[in-house]
Every structure is written in C-alpha cells, then in structure tokens.
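Student: Can we go through a structure together? I'd like to talk about its disulfides.

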Amino acid sequence: EQSLQGIFGSLGIKFRVKNYAMGGTKSAPEMALCMESVYGTDIDIISWDFGMIDGRAIELYDLWTQRAGVHPTRPILFSFGQRYFEKVHGDAENAGGAGFEQNFVNAKLIFPNSDDSDVDKSKLPPAIKDYMCGGHAEVGEPCLDAKWNTSGTCGTNMRAQVSWHPGWKDHLFTGRITAAFILETFLQAIDELSQGRGGDNSTNTDGVLQEALEDPNVVLPPTQPAISSRYLDELHMFENKDRRAFFNSTPPTAIFENGLTHHGNFTSFQRSKGFCRTSLLPNQARYDGLVTGKYQPANYLYAGKTDYKDEGYDFKTLPDPEPENNSTELMLVMNHQGSRSACSEANLDFKDLFYVREEDHWVTTTIPNDAEKEYFNLDDIDGAIMLCTLVGAYGKFPSDYVKISELYNGTVNAGIIINGIKVSDGFNVHEERCHVLKHGDGEEGYFFPPNSEGRFEVQMRLPRKGNLYITSMMVY
C-alpha cells in the first residue's frame, strides 16, 4: 500500500491493501466459504499464503479458487508457495480466471550476505543489512538477531516470533516485489490506453464481437484499447464471457480435506450463491456492522485497519443465563487468546466466537439478519448449512468444549432445529469442527427450506454441561 497508493492516487484511484491474515488458519473450508464476509465484496486481487497450514491438501486451494470464481469481482489469484499452482491456476485460466504464483527465492540471491567479510554493512540500507546470511534469508548470525523489530514499534517483543515465521525484512521484500509487479502491469495498461485512438469507432464492430461473446468456442477478436465508453463496454462484455466460461467448466470433484468428494451433495458450496456469518477477526463484515445487524461502515485507516470498535461481550462480563427464555439470542463473545490491548500494529487476529451455554437452554439466531440480507443481496439460496467451531491450538480444546456432532439426534430438549426442522445427522468435512447439517435421507436431506422471508431460524440447545464455540455459520 505504501509503495503504490500515491501512484494510483495520482489518477484518482483509491489503492488499498488489507492485511487480513489469520494465524493457525487453513484456507478452506471456513475462509474460502467466508471470502465475501471476511475480505469484502470489492477486491481485485486476493492472495493465498496458507502453505504452512494447508500442506499438501490441493482440495483446499481448489475450493478457494472456486469461491474466488463466484466472488462478485472475480479477483485475480496471487499465491505464495502454493505447490499445486500450475494445475489449479491452469484450470482457473481455462475457466476465464487468472492466477499468479509468487516465488521469490531466487530473487533474494541478488542481495549481499551480511556475514561475508567482504561486505561493508555500513553501506547497506536497513532492509538489506542483516537480511541474507550464507545465502538464506533471516537465518544464521547476525541475521537471526535482526529478524524482528516489534520492540521498536510496540515497545516490547510480541508473541509468535518463531523460526518458521518470516521477519519484517522478508515481509517488506515480498510487499515491494509484489508492488513492482502490479506497478509494471498498471503502467502497461496505461501505455496501451494512451496509444488508443479513442472515440466510438476505435474497436471491433458490434456483429463480430457479439458473435464471439455468445459462442464460448470462438476466440474474441483483437481489440484496440482506448479511453472510451465503447471500450469500457467491451471490457464488461469480456468479463461476462469469462464468468460464463467459469460456470460452464467442470468443478473439481474432491473438495474439503483428505479428498472428500461431494458426490453431488456439496456442489452448492463450490459455486452457489451463499452467505457466511463469521465471528473471526479481521473481518470486513464485522467492521461494517453487518454481523450485529447495524450496518455502519467503519472508516478506513491504512493496511486494512479501520476505526472499528470491538463489539460483543467480554468473557469476564457475560450476562446471567436465562434458562426460562426459550429464545435467548446467540452471543458474540470476544476471545482473549492474546491480549487485545497489546500493540495494534502487531495484533489484529482474534478468534472471537458465537457462544452457546448449556445454562441458557435454547439459544436462537436468524441468518441472515436484515443488514446481511440487503448487503449481500441474498435470494434463492439452496439451503445447505455448515457450522464451524473454534480451532483448537495445536489440537487442544477447552475442557468444556462441546462438539457439533453431539447435538445430532438430540432429545426433545436438546439439539439443533432449523426453521422447525430437527437436525438428525451431519457430515464432518474438516477436523471434527466443520459439519454440513442434515435432516433426512438422500441428497435432499442436506438442504433446509428457508422461511417465507428467505431466512433460517437456528435454535440450539446443548445435551450436556459445557459450551459450544461457534466461529462461522454458512448457508449455501
């Protein structure tokens, strides 16, 4: 953002780069299915940097790219260290998308090694000094000692400063090189537009263009870029053809983790219109007040930061249970994994949650609320519903942790009810914490009919002492 904001601003374009990274989080299913809610509905490029957590699960990146394909602005895919990028990006490009893999390992070799006695470090700029040692970034002496700099910004060293996380110089290098790539592409576009003849007759005839746009097998004729409304209309038509190509293409069979296939049941999660309400931060929908039903966009500051003020209950000041109230509203609770009062420059990632207590008996929420329904333009949703619960750090969960599967086949006084229909079963798609809910046999059993307003009233009551830590609710 620092590198490009001024350049784009000189042409009246607001350029924003949002750091919405979440530690210990996989790219799917939660993040992929919550793409519009977390990252926003107006994005041009979306980056994938989940390699450490996703590992070799190509199906997770497949789901990520499928959701990018149905995103309102169909963002370009940037990936960092995605081992399967050639196949997945190739499939995306054949289906009218675009993807780039950014691997800067060789580019780093142009920098001098600070442990080389022939190098005068006093002449190196701060970002290069003590960056490369022995041909590797931020390892060895003296580079390892200079890897972190949070004490200068935050007054103290922050948590998670471990060997497998990049330091500030590596992040800076990645940001600068990515900015250079975007800038080069931007300048090429400006150059092409500036050479156009302009006017309404500077491009192909309507008949030839229309024929190519209607037939997916016809290659679009070459067109002359120009600063004109006619050329803008053509670009919109090209985009529409790409969108049709995507929906006409065959989606991957294996989705979710460990190669779980949809068998026709879960195709809704790949390409259907859908919606996610998630408690996790950072989160554009929360910043804009959509999650709490009070739409009021936060003011943008920089690097994805806003003037958003935390909403929800503090774990230390939860309201008293109301067991006699059979419609207690589902609570948004601030999770204090890591102090929220710590340095805002380093801490932006909080695993907040929707909290269900056994003491409250029946807890209810309606999805979507009025603000969500209007903002996301939610109509004609299929009704496949997924719930995800809190990620357990290193596989460890709170002692009072209740699993979603414990609510299946509940008694009359416990379970999950959606628009009056009891959830009888579910399909575990991710680490026993993300489940697609089911109420009957066959494929149709995975779909819950919306009410007359196109909404889903979700009621939950726990079957035993404990708490349910929900992070996301998705309807597709």
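Tutor: What follows is a short chat about the disulfides of this predicted model.

Student: How many disulfides does the structure hold?

Tutor: The structure holds four disulfides. Counting bonded cysteines along the chain, their pattern is 1-5, 2-3, 4-6, 7-8.

Student: Take C34. Which cysteine does C34 form a disulfide with?

Tutor: C34 is bonded to C276, with the sulfur atoms 2.0 Å apart. C34 sits in the loop between α2 (27-33) and α3 (35-39), while C276 is in strand β6, and the two are 242 residues apart.

Student: Are C34 and C276 buried or exposed?

Tutor: C34 is buried, and C276 is buried too.

Student: And is the link of C34 and C276 left-handed or right-handed?

Tutor: That link is right-handed, with 70° about the S-S bond.

Student: Now C154 and C343. What is the handedness there?

Tutor: The link of C154 and C343 is left-handed, at -60° about the S-S bond. C154 belongs to helix α7 and C343 to the loop between β11 and β12, so this pair ties together parts 189 residues apart in sequence.

Student: Why does C343 count as buried?

Tutor: Because its relative accessibility is 15%, and buried means under 20%.

Student: Next, C388 and C434. Where are they?

Tutor: C388 is in strand β14 and C434 in strand β18, 46 residues apart. Both are buried. Their sulfur atoms are 2.0 Å apart.

Student: Why is that disulfide of C388 and C434 right-handed?

Tutor: Because the torsion about the S-S bond is about 120°.

Key:
Residues are numbered from 1 along each chain as its sequence is written. This is a predicted model: local features need pLDDT of at least 70, side-chain atom pairs count only at pLDDT 80 or more; totals for chains, interfaces and linings use all residues. Side-chain values use heavy atoms; hydrogens and water are left out. A disulfide is a pair of cysteine sulfur atoms within 2.5 Å. Helices (H or I, at least four residues) and strands (E, at least two) are DSSP runs, numbered from the N terminus. Buried means under 20% relative accessible area, exposed over 50%, partly exposed in between (1.4 Å probe, protein chains only).
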